Amino acid sequence: MNVAEYMRHVPGCAAFPTVDALHAELDRLAAAHPDLVRSRRIGASRLGDPLHAVTVGDGPADAMVIAGPHPNEPVGALTALALVERLCRDQRLRTELGFRWHIVACADPDGARLNEGWYGRPGDRRAYAEHFYRPGLADQVEWTFPLAGADYSFDRPLPETAALMRLMDEVRPSLVCSLHNGEYQGAFFYLNRHDATLAERLAVLPGLQGIGLHHGEPELPGAEPIVPAVYLTPPGSQVGKAFGAGGSSADYAAAFGALHLVTEVPTWSDERVADQSASGRPYGEIVAGGAAARRELIDTMRSGMRAVAGDLSVRSPFRLSTESTLETFRKLGELEETVPDPDRMATVAEEFGNRQMLHLMRLRLLGTFLRALDVEIAAGNLTPAIREQRRLLAERFETWYGQAEADPPGPPIELRKLAAVQLGAVLTAAAHTAPDRSTASSYADRYVAT
């Protein structure tokens with residue numbers, strides 16, 4: 001199997017599909033391949049939107065792919081479509097991998113619909129910030145799987161999470177892939193087992209599409225690298241306890257002994273994400289500067305929220321997201337400020353990542369709160385405090401947006417390349433876990449050299 005060749009044939013696209021367009025395309029594929037593809041309802045979202053799983057093939061083992069577990073991360077929808085189409089067209093691939101595939105192409109349709117304002121303009125940072133939505137950690141599909149431990153437990157799975165759990169219970173997968181994407185960082189991966197061979201194969205894939213690996217600070221502080229840019233998945237008990245959330249799909253997949261893979265691809269490209277040269281600044285100084293800016297962000301948001309606290313009347317998703325995300329940022333900042341060896345010289349990648357993360361947090365959080373105020377105004381709640389804070393915070397948004405524009409990352413990455421890396425990762429993990437491992441024995445050497 002030549003993974004690089006499969007990656008090269010991922011079709012181009014100019015925008016992310018809306019939820020309705022995604023379902024329509026999956027329905028078209030099912031109608032075109034009735035003997036191969038079966039679509040069925042596995043549950044419903046919090047607002048009653050149906051959740052569907054598309055099953056392809058009839059191999060002796062089961063693989064599950066989860067796309068869109070965070071609604072601001074739609075690359076997985078493109079990957080899901082590419083995977084279904086490729087499996088339908090390529091009997092040899094289906095036979096070689098030996099899996100029956102279960103693909104959930106949009107795990108959070110309610111949240112995705114709240115992001116559709118920028119789906120048609122990928123790479124436009126203003127559109128992204130102004131139409132951004134991401135629920136708080138305890139309201140995310142990926143982070144509300146149950147946990148049961150001596151010192152921390154969580155048993156409030158969302159309806160969407162419960163649907164994924166039922167599907168796993170039914171098919172007992174040996175492979176689960178969760179498809180994610182970020183903003184300014186390089187590409188990176190999480191594995192739920194310390195498999196250096198698979199990690200090395202995954203680390204090659206982004207470069208095949210000209211995308212750099214992430215060499216800055218890990219997304220989750222303290223994440224253990226297996227190889228550069230491939231990390232061991234932190235246990236849900238660690239993350240959940242710190243942020244008041246549940247476990248991830250990796251925790252639930254562990255009950256079946258499944259290999260669990262998370263793929264993370266960036267939206268914008270910049271060579272600095274992989275630059276390991278010295279920045280000329282101590283690491284502790286960079287972390288301290290980021291912490292000070294984060295505190296300013298938190299103070300700004302808290303001040304604005306206090307000013308309108310008595311006037312808010314709509315429990316909109318934007319308001320709830322702002323309140324919970326602000327607390328998550330505070331806790332995350334506390335973890336990041338405890339750094340080992342602060343006197344060492346920071347790399348360019350670490351400096352770049354710290355600075356871009358600040359721009360990202362400012363614009364995402366403030367953009368979401370402005371949407372919350374807009375909901376109040378649209379409902380006719382035009383109190384002086386709401387109108388005044390809408391004006392003041394819009395001015396602050398423009399200031400922060402200007403600072404981000406003056407310190408930009410590189411250009412947006414072609415969507416086809418992002419989906420290609422995710423598809424390559426899914427196929428790589430599948431070949432590594434294939435029921436007939438003999439087909440994978442010489443596979444790595446062939447695709448890496450291509």
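Predicted model: local features only at pLDDT ≥ 70, side-chain atom pairs only at ≥ 80, totals over all residues.
Local features need pLDDT of at least 70 and side-chain atom pairs count only at pLDDT 80 or more, whereas totals for chains, interfaces and linings use all residues. Residues are numbered from 1 along each chain as its sequence is written, and side-chain values use heavy atoms, with hydrogens and water left out.

**View 1. The largest cavity holds about 110 Å³ of space.** A cavity is a set of points, on a 1 Å grid over the protein atoms alone, where a 1.4 Å probe fits but cannot get out, and lining residues have an atom within 4 Å of a point. Of the 17 residues lining the largest cavity, Pro 74, Ala 77, Cys 106, Ala 112 and Tyr 119 are the closest to its centre. At least two lining residues come from each of helix H2 (19–32) and helix H3 (75–89), helices being DSSP runs of H or I with at least four residues.

**View 2. The second largest cavity holds about 60 Å³ of space.** Its lining includes Phe 16, Pro 74, Trp 118, Asn 181, Thr 267 and Leu 418. By class, this lining has 9 nonpolar, 3 polar and no charged residues, with Gly counted among the polar ones.

**View 3. Helices H2 and H3 have axes that come within 11 Å and cross at roughly 5°.** This makes H2 roughly parallel to H3, a term for angles under 35 degrees. The contact (heavy atoms within 4.5 Å) is made by Leu 22, Glu 25, Leu 26, Arg 28 and Leu 29 of H2 together with Ala 77, Leu 81, Val 84 and Glu 85 of H3.

Definitions and conventions. 1 Å grid on protein atoms, 1.4 Å probe; cavity = no way out; pocket = protein on both sides within 12 Å on 5 of 7 lines; lining within 4 Å. Points joined across faces, edges and corners; volume = space filled by probe spheres on them. Axes fitted to C-alpha atoms, helices over the stretch in contact; angles between N-to-C directions. Parallel < 35°, antiparallel > 145°, perpendicular 65-115°, else oblique.
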